[in-house]
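Student: I would like to learn how to read pairing and packing features in a structural model, taking them in turn. Could we work through one together?

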Amino acid sequence: LPLRSCCTNSPPSPPTSAAMPLMKVMVPKGFNGVKDLPGLVKKLQSIWQVEDGALQIFVEECIQIADPGSPLVDVRAKVKKERTPPVLAKYMEGTQAAFTEHGLPGVRVRVELFDPNVLHMQLSRL
């Protein structure tokens with residue numbers, strides 16, 4: 001997975017709350033990439049129980065990272081009634097396992113849920 005890249009299995013959609021979950025992966029300088037990116041995306045879609053094209057992954061190389069041996073996966077997803085703390089803990093474990101299986105062991109996973117009904121987003125176009 002190239003640095004500063006975005007991956008979905010379908011054409012990009014406009015930036016709306018529908019393109020969720022969003023995973024930002026912060027890796028240390030010199031990161032070699034993820035093995036089998038399509039396989040990783042498919043696995044993460046299964047873990048997070050989202051349809052094809054809903055998941056977006058951005059990878060960014062960091063000059064300084066708190067723990068270089070533990071890259072950070074920052075997940076932003078919509079609040080859903082089924083996303084209870086025990087379910088999210090299972091999703092986080094699955095996310096860690098999926099990244100380990102695809103060449104990025106030792107990731108830390110952070111999850112932030114948001115309610116689209118109280119979210120304001122504005123897109124500016126030049």
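Student: Which side chain does Glu-101 meet in a salt bridge?

Tutor: Side chains of opposite charge can pair when their charged atoms come close. Here the side chain of Glu-101 meets that of Lys-43, at 3.9 Å from N to O, where a salt bridge is defined as a side-chain nitrogen of Lys or Arg within 4 Å of a carboxyl oxygen of Asp or Glu. Glu-101 lies in helix α2 and Lys-43 in helix α1, so that the pair links distant parts of the chain, 58 residues apart. Searching the whole structure gives five salt bridges. Please keep in mind that this is a predicted model, in which local features need pLDDT of at least 70 and side-chain atom pairs count only at pLDDT 80 or more, while totals for chains, interfaces and linings use all residues. Residues are numbered from 1 along each chain as its sequence is written, and side-chain values use heavy atoms, with hydrogens and water left out.

Student: How are the axes of α1 and α2 arranged?

Tutor: Two packed helices are described by the angle between their axes and the distance between the axes. The axes of α1 (residues 37–48) and α2 (residues 85–101) come within 9 Å and cross at roughly 170 degrees, with axes fitted to C-alpha atoms over the stretch in contact and angles running from 0 to 180 degrees between N-to-C directions. That crossing makes α1 roughly antiparallel to α2, a label given to angles over 145 degrees.

Student: Which residues of α1 and α2 meet?

Tutor: Among them are Leu-40, Leu-44 and Trp-48 in α1, and Leu-88, Tyr-91 and Phe-99 in α2, contact meaning heavy atoms within 4.5 Å.

Student: In which sense do β4 and β5 pair?

Tutor: Strand β4 (residues 72–78) pairs with strand β5 (residues 108–114) in the parallel sense, over seven bridges, and pairing requires that DSSP find at least two bridges between the strands. Helices (H or I, at least four residues) and strands (E, at least two) are DSSP runs, numbered from the N terminus. One of the bridge partners is Leu-113 in β5, for Ala-77.

Terms used: Parallel < 35°, antiparallel > 145°, perpendicular 65-115°, else oblique.
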